[in-house]
Amino acid sequence: MNALRNDSTEPRTSGLGEEAPAEWRGRFPYNDIITLLDVNRPHNLAESTSQDLTVGEVLDLAGSGSIRDLKLGYGKSTGALDLREAIASACQVPAEHIITTQGTALGIFLLTFELCRAGDEAVLVTPCFPPSRDSLAGAGATIHEVALSFSDGYRLDLDRIAACLSSKTKLVSIASPQNPSGVQTPRATIEALLALMAKRSPQALLFVDETYREATYGDSPAVESFAGFDPRIVIGASISKALGAPGLRTGWLTVADADLRSRLTIARMNIVISGSILDETLAAALLRHREQVLAPRRRLLAGAIAELASWCETERDRIDWVRPDAGALCCLRLRADAFDDAAVERFWRLLPRHDLQLACGTWFGESERVFRLGFGYLPPERLGPALVALSSALDAATA
């Protein structure tokens, strides 16, 4: 049975029980994160989203009458105006700077393929959402990875980024909050990074994935978006994570440069023609009422992270964790003094027996000792039992 991890020593599977070819021949690298689309165990601690909204909940926000009269023609080339206006309000940028996409993933793909050609260079901060790396690989760009350290709390290392910048650099790609760690990058660090880019890579843009920005805890407000901070910054985000509507497949890019916006719009038309009228209409309603949706979710996340913190304290002799700044996700690490390499192997192999699902660090460019744990996907009454099951898996792996 697939233990939901990705390395070279185990058969790779699609999540449907089929093994991937021994010699992968796709243009995009194979990554076992695809199993999250097809596997959903009872103790699913792998998902990084908040709890999923229902169609009924979104229809209540939109008004079912207006949806019934919606004509299902083609959408606009850059996305529905009411949706772009709702996004612009959330990001504090002009609506004409917005291009809607099918999730943040399509935004990453469009930006990467339009901006980077073979021979161009890109700096990628890892660990990261796999498509951030794999789209660059598919485009043929030369990737310089800057691997952040669990032990340093995944804080951005500007000296190492600077060492990778050159006149050939077209894109620097980061996330804030990061996936998989939930760690945010302070505004002062972004300012310093832009200054470095101006000196060493004057043609480069900075992409910041802000998908988890509004998934804060309790009464903590979301930090301001970097969207309008500097014209060299392109933001990607979506309604998938904080708002719990990944099934609507609606995200966006904020692009200040008019020429790049035109190029991205043509690229979008060639790949998907336009967004779904229905999805974009519902997404606009959701964004217009986002505080109504976010407030109870933030309370749930506050309770969940408190429960997780308590569990981490009880397990401190066996695991370390990096407490996240935002998002329903964080990184945990199996301690080397408690788990030798064989115990780590057993841990991953035994997860299915405990009905557990975790996101292996190798998916994101981390060690297999590290895993992403999602604490917002399960209902509150199921998070505790899932953590108990995780303790049992730790017991079994070291028995």
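1. A word to start with: a residue is called buried when its relative accessible area is under 20%, exposed when over 50%, and partly exposed in between. Keep in mind that what you are looking at is a predicted model.

2. Have a look at helix α12 with that in hand. Its buried residues are L383, G384, A386, L387, A389, L390, S391, A393, L394 and A397.

3. Now for the interior. The largest nonpolar core holds 96 residues, and L45, L206, F347 and L373 have the most contacts inside it. Leaving out residues up to four places away in sequence, L45 touches several residues, including L383, A386, L387 and L390, which are also on the buried list for α12. Among the other contacts of L45 are L356, L358, R372 and L373. There is also a second, separate core of 21 residues, with I108, L124, A141 and A267 among its members.

4. On to charges. Side chains of opposite charge can pair when their charged atoms come close. The whole structure has 19 salt bridges. One of them joins R318 to D395, with the closest N and O atoms 2.7 Å apart. R318 sits in the loop between α10 (290-314) and β9 (319-322) and D395 in helix α12, so this pair ties together parts 77 residues apart in sequence. R318 is buried, at 16% relative accessible area, whereas D395 is partly exposed at 42%.

5. Another salt bridge runs between R333 and D320, with 3.4 Å between the closest N and O atoms. R333 belongs to strand β10 (residues 329-334) and D320 to strand β9, 13 residues apart. R333 counts as partly exposed because its relative accessible area is 22%.

6. E114, R117, D259 and R263 form a network of salt bridges. Within it, R117 and E114 bring their closest N and O atoms to 3.5 Å. R117 is partly exposed at 41%, while E114 is buried at 16%.

7. Y74, M269 and I273 make a nonpolar surface patch of about 350 Å². I273 is in the loop between α8 (258-272) and α9 (277-288), and is partly exposed with a relative accessible area of 42%. The other spot is D219, in the loop between β6 (205-209) and β7 (233-238).

Notes
Residues numbered from 1 in each chain as written. Predicted model: local features only at pLDDT ≥ 70, side-chain atom pairs only at ≥ 80, totals over all residues. Heavy atoms only, no water. Patch = residues over 30% accessible without salt bridge, like charges linked within 9 Å, V, L, I, M, F, W, Y side chains within 5 Å. Areas by Shrake-Rupley, 256 points an atom, 1.4 Å probe, with all protein chains shown as cover. Salt bridge = Lys/Arg side-chain N within 4 Å of Asp/Glu carboxyl O. Helix = DSSP H or I, 4+ residues; strand = E, 2+ residues; numbered from the N terminus. Buried < 20%, exposed > 50% of the residue type's maximum accessible area, 1.4 Å probe, protein only. Core = buried A, V, L, I, M, F, W, Y, C linked by side-chain atoms within 4.5 Å. Contact = heavy atoms within 4.5 Å.
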